[in-house]
Amino acid sequence: MSHVLTAVAWPYANGPRHIGHVSGFGVPSDVFSRYMRMAGHDVLMVSGTDEHGTPIQVQADAEGVTPRELVDRYNRVIVEDLHGLGLSYDLFTRTTTRNHYAVVQEMFETLYRNGYIVAKTTLGARSPSTGRTLPDRYIEGTCPICGYDSARGDQCDNCGNQLDPEQLINPRSKINGETPEFVETEHFFLDLPALAEALNKWLDSRDEWRPNVLRFSRNLIEDLHPRAITRDLEWGVPVPLEDWRDRNDKRIYVWFDAVIGYLSASIEWARRSGDPEAWRKWWQDPDARSYYFMGKDNIVFHSVIWPAILLGYDGEGSRDGKPGKFGRLELPTEVVSSEYLTMEGRKFSSSRRVVIYVRDFLERYDADALRYFIAVAGPESNDTDFTWSEFLRRNNDELVAGWGNLVNRSISMAAKNFGAIPTPGPLTEADEALLATVRAGFESVGALIAKHRQKAAISEAMRLVGEANKYMSESAPWKLKEDKERMGTILYVTLQAVSDLNTLLTPFLPHAAQRIHELLGGTGVHAPMPEIVEVGDLDGGPEYPILTGDYTVGTRWEPTELPAGRPLAPPTPVFRKLDPSIVEEELARLES
Ligand SMILES: [Zn+2]
């Protein structure tokens with residue numbers, strides 16, 4: 001048993017999340033965490049909404065609300081959606097808590113003291129007519145990288161690259177259209193070149209990483225520059241230095257505060273658990289392991305920048321230094337990135353309505369139907385396309401006709417003929433063979449999930465479902481009305497296989513797994529679920545909803561013997577067969 005940190009990318013709180021988002025960071029991290037807990041590890045799964053930055057401020061301005069009102073709204077929407085998907089966070093919090101501010105400022109101060117944050121004079125935009133500083137969000141121009149003509153002063157929304165205002169071609173003020181003048185202003189930079197050697201040394205020890213992630217990270221390190229970590233903005237974490245603390249025109253850059261969320265959320269979880277030091281078991285024990293889940297556009301932050309921040313905090317770059325008050329912190333064990341999901345051959349786009357939000361999806365379909373699709377056909381190692389016809393096919397032909405049918409017909413027949421789990425007679429070679437085949441799945445499926453090959457893992461589990469279906473069809477218990485003992489034996493073997501297959505599928509399909517557990521006469525929690533709890537800010541800020549849960553309960557990753565004689569009732573279907581008409585309905589929604 002070991003301590004396993006599942007660090008899940010932080011969804012940005014500027015709107016509801018669509019299924020492309022949760023297929024990258026959400027479902028895979030939950031499958032992994034559920035499996036690791038079932039296998040006996042002590043998992044801490046943390047994340048929250050990422051709530052600072054210019055885009056939030058811009059949108060709040062456009063809607064005539066404060067940034068705080070905007071993020072309060074979308075934090076709640078996102079919490080409810082992740083809850084609906086059954087994602088088992090130990091803590092899903094947000095970056096606007098006082099705890100998070102304090103942790104970010106402690107990291108900043110220590111990095112500064114150790115010499116890895118340096119002040120630099122750069123060019124900032126100023127309005128010639130008023131003489132006032134123009135915050136990043138009020139400057140627009142053409143992106144020097146992709147040519148998009150409405151790039152903002154800190155970021156291009158078209159290509160996603162971070163920019164500085166003076167890089168924009170034909171910059172203009174969004175307030176009055178005038179051309180801003182650029183004057184010298186001071187900002188803080190993370191001195192990445194001073195951490196490059198330590199980063200390289202650390203990457204040398206990452207021999208289990210996927211080669212493409214290693215190659216990508218090494219290339220980045222070859223060409224590292226100091227990176228700005230403050231902006232001209234009013235919304236964000238204040239800079240915790242003398243003469244800066246009270247300025248309301250400079251804030252810590254959103255990316256810097258968001259990656260520190262993994263640590264601050266772990267600390268918040270510990271403080272809420274009653275043992276404020278408990279987070280150290282996941283962050284300071286060299287035997288603990290940490291897995292970071294994200295989409296591929298975020299690899300750089302997790303394989304290079306967050307490790308650099310941690311190395312600087314630990315005092316391990318070329319300027320040396322000493323760890324701050326938290327003590328030495330461990331770097332990521334593994335960075336697990338996913339590729340992109342597209343929608344009917346196009347990029348997801350809220351503005352062009354090429355989108356389905358998690359909430360709308362869950363109003364019309366079951367969470368496990370989406371979880372199944374993401375696991376078996378999601379963007380694990382290639383960009384993949386979500387189409388409604390493929391969703392329909394996977395749901396009806398595989399989930400309903402494969403797994404659902406096996407569950408339904410075996411339990412129905414046992415309930416009708418025996419009213420209970422039958423008592424088996426002597427087992428034949430074929431009976432023993434099926435049970436052994438299914439039991440071997442605990443090894444094969446588990447090893448694949450542990451190696452982040454979830455597509456192969458669920459395919460293997462579904463192959464075993466196919467074996468059990470074949471066994472039942474070939475044994476044809478319905479033809480044995482005259483031989484009740486043999487019929488009972490076949491049904492017992494099938495139900496035992498169903499029970500073990502249900503355990504193998506639990507990380508992927510937790511809602512269905514709980515129901516099947518109950519259909520087999522089981523009681524208690526089989527697959528624990530997260531709950532939404534309204535909590536007060538630990539340090540006196542406003543209340544907010546968190547996701548948390550007790551995941552110490554639940555079935556273990558091992559075969560469990562079904563007790564003969566346990567009463568069974570006729571089952572209701574666990575999975576819903578979808579009408580083919582949904583494809584046209586959904587496509588019409590996309591076009592409208
Ligand atoms: Zn661009």
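This is a predicted model: local features need pLDDT of at least 70, side-chain atom pairs count only at pLDDT 80 or more; totals for chains, interfaces and linings use all residues.
Ser127 belongs to the loop that runs between β4 (117–126) and β5 (139–142), and because its relative accessibility is 5%, where under 20% is the cut-off, Ser127 counts as buried. The side chain of Ser127 makes a polar contact of 2.5 Å with the side chain of Glu178, and a polar contact of 3.3 Å joins the side chain of Ser127 to that of Ser129.

The zinc ion has as its protein donors the SG atoms of Cys143, Cys146, Cys156 and Cys159, which lie 2.3 Å from the ion. The angles among the 4 donor atoms are 104 to 115°, and the site is tetrahedral. Along the sequence, these donor residues follow the spacing C-x2-C-x9-C-x2-C.

How exposed or buried are some of the residues discussed here? The table below lists their relative accessibility.

| Residue | Relative accessibility | Class |
|---|---|---|
| Ser127 | 5% | buried |
| Cys156 | 0% | buried |
| Cys159 | 30% | partly exposed |
| Asn170 | 57% | exposed |

Asn170 sits in strand β7, which spans residues 169–173, and because its relative accessible area is 57%, where exposed means over 50%, Asn170 is classed as exposed. Leaving out neighbours within four places in sequence, Asn170 is in contact with Glu140 and Gly141. The C-alpha atom of Asn170 is separated by 49 Å from that of Asp368, a residue 198 residues apart from Asn170 along the chain.

How values were computed. Residues are numbered from 1 along each chain as its sequence is written. Side-chain values use heavy atoms; hydrogens and water are left out. Helices (H or I, at least four residues) and strands (E, at least two) are DSSP runs, numbered from the N terminus. Buried means under 20% relative accessible area, exposed over 50%, partly exposed in between (1.4 Å probe, protein chains only). A polar contact is a pair of N or O atoms within 3.5 Å; within protein, one must be able to donate a hydrogen and the other to accept it, and residues adjacent in sequence count only if both atoms are side-chain atoms. Contact means heavy atoms within 4.5 Å. Donors are N, O and S atoms within 2.8 Å of the metal (3.2 Å for Na, K and Ca); water is not among the atoms, so sites may look incomplete. Four donors count as tetrahedral if all angles lie between 85 and 135 degrees; four count as square planar and six as octahedral if opposite donors are over 155 degrees apart and all others between 65 and 115; anything else is irregular.
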